[in-house]
Number of protein chains: 2
Amino acid sequence: MIWNNMTSEATPNPVCDDALVGFHKHDHKNCVETALTTAEARCKQEGLRLTPVRRKVLEMLLQEHRALGAYAILDALREEGFGSQPPVAYRALDFLVKNGFVHKIERLNAFVACSHPGADHSPAFMICRKCDAVAEAQSAPAKGILGAAARATGFEIERTVVEAEGLCPSCTEKA
Amino acid sequence: MIWNNMTSEATPNPVCDDALVGFHKHDHKNCVETALTTAEARCKQEGLRLTPVRRKVLEMLLQEHRALGAYAILDALREEGFGSQPPVAYRALDFLVKNGFVHKIERLNAFVACSHPGADHSPAFMICRKCDAVAEAQSAPAKGILGAAARATGFEIERTVVEAEGLCPSCTEKA
DNA sequence: GCTCGCAATGTTATACAATCACACTGAGGG
DNA sequence: CCCTCAGTGTGATTGTATAACATTGCGAGC
């Protein structure tokens with residue numbers, strides 16, 4: 001039911017290695033811990049401060065393994081005794097997004113933990129319109145027709161949002 | 001080919017100023033009227049109802065020639081004597097988006113008139129992070145690496161959001 | 001004509017998303 | 001020791017979007 005990490009050949013080093021996590025069991029606890037440890041190491045290495053709030057938000061997103069809205073995150077922070085006003089969540093999310101630990105899904109106004117942290121990548125997402133599952137893949141939009149258009153006109157691409165909406169395998173079956 | 005319009009938020013009263021557009025001069029009044037006529041024709045042909053509210057919203061987006069937020073549109077509707085509550089604007093926008101007259105820019109939570117109405121296309125956008133100008137181009141995301149990932153996992157792509165963020169030529173020069 | 005059904009509109013209220021402004025704290029660095 | 005500054009806590013506000021329900025207007029069919 002939870003179809004949260006639809007990995008594929010196109011996604012080489014995902015946090016949760018098992019394909020189609022939602023369909024099969026996997027050692028989720030372990031995958032969360034690994035990701036957290038990795039994040040801590042990277043922060044230490046790069047002089048970033050993975051403070052309690054930030055760590056908690058990252059942990060939650062890894063744990064849930066799906067896209068969460070800012071206010072869902074905020075609710076959880078409140079229950080953990082952190083500040084309960086929107087800026088608390090947004091500041092943590094800003095940090096995590098800026099440093100590549102988390103991605104924002106523009107289409108859902110929601111956030112999801114990165115599946116290939118550390119890798120320098122421009123992510124693409126597949127979003128199921130029925131169950132809201134989100135899977136991360138890679139993209140190379142600047143190489144296609146869009147890149148050609150940008151070069152032709154002098155537009156400098158810095159970042160791209162690529163989000164595909166459709167039906168996940170699980171929801172396709174049901175239909 | 002692609003760079004149909006690069007409009008700028010800095011133009012409160014849009015006259016298709018080619019200093020700002022920079023790439024493509026055109027007769028804006030004429031282009032608005034043509035687009036409206038075309039839209040009306042298409043609606044008639046397909047049995048769609050381009051009602052006064054919907055027509056007004058489309059006209060406004062064509063006129064402004066840039067991305068507008070829902071509430072900016074709502075304000076304008078109010079001044080024209082239409083209903084002034086959010087659903088009025090959102091319903092009209094839903095209709096226009098669903099039928100391809102208008103696109104939503106997810107990154108900006110804003111709406112822009114389609115540059116190639118009628119054409120069956122999956123649009124891509126270039127958004128200047130400095131002046132919020134938006135240009136529409138074509139994309140073919142399902143053909144690249146993302147399409148491969150989708151096929152590999154059984155994901156059925158129905159729609160794609162492709163939005164590039166960066167600097168438009170005009171803002172690049174200034175920097 | 002009537003009324004049933006249906007699409008569109010109007011309206012109230014509310015949920016969710018994001019930012020502003022300002023105060024406070026606590027860990028370095030001079 | 002004091003200062004700075006990043007991070008955090010808090011209240012308030014603005015912007016975006018939808019739920020729920022009442023109303024209107026119009027065509028299909030009796």
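1. **Ground rules.** This is a predicted model, in which local features need pLDDT of at least 70, side-chain atom pairs count only at pLDDT 80 or more, and totals for chains, interfaces and linings use all residues. Residues are numbered from 1 along each chain as its sequence is written, chains are lettered from A and ligands numbered from 1 in the order written, and side-chain values use heavy atoms, with hydrogens and water left out.

2. **Two helices in chain A.** Look at helix H3 (residues 70-79) and helix H4 (residues 86-98) of chain A. Helices are DSSP runs of H or I with at least four residues, strands are E runs of at least two, and both are numbered from the N terminus. The two axes come within 9 Å and cross at roughly 110°. Axes are lines fitted to C-alpha atoms, for helices over the stretch in contact, and angles run from 0 to 180 degrees between N-to-C directions. H3(A) and H4(A) are therefore roughly perpendicular to each other; that label covers 65 to 115 degrees, with under 35 roughly parallel, over 145 roughly antiparallel and the rest oblique.

3. Contact means heavy atoms within 4.5 Å. The tally is 10 nonpolar, no polar and no charged. Nonpolar means Ala, Val, Leu, Ile, Met, Phe, Trp, Tyr, Cys and Pro; charged means Asp, Glu, Lys and Arg; the others, Gly among them, are polar.

4. **A crossing in chain B.** Here helix H3 (residues 52-64) and helix H5 (residues 86-98) have axes that come within 9 Å and cross at roughly 75°. H3(B) and H5(B) are therefore roughly perpendicular to each other. Val53(B), Arg54(B), Val57(B), Leu58(B) and Leu61(B) of H3(B) face Val88(B), Ala92(B), Leu93(B), Phe95(B) and Leu96(B) of H5(B) in this contact. By class, the contact has nine nonpolar, no polar and one charged residues.

5. **The interface.** Chain A and chain B bury about 3,200 Å² between them, 62% of it on carbon and sulfur atoms. Buried area is the accessible area (1.4 Å probe) that two parts lose on being put together, summed over both. In chain A, Leu146(A), Thr153(A) and Phe155(A) lose the most area to chain B, together 19% of what that side buries. Each chain brings 40 residues to the contact.

6. **Salt bridges.** The rule asks for a side-chain nitrogen of Lys or Arg within 4 Å of a carboxyl oxygen of Asp or Glu. Six cross the interface of chain A and chain B. Arg159(B) and Glu165(A) form a salt bridge at 3.3 Å, N to O. Glu59(A) and Lys56(A) form another at 4.0 Å. Both lie in helix H2 (residues 52-64) of chain A, three residues apart, about one turn of the helix.
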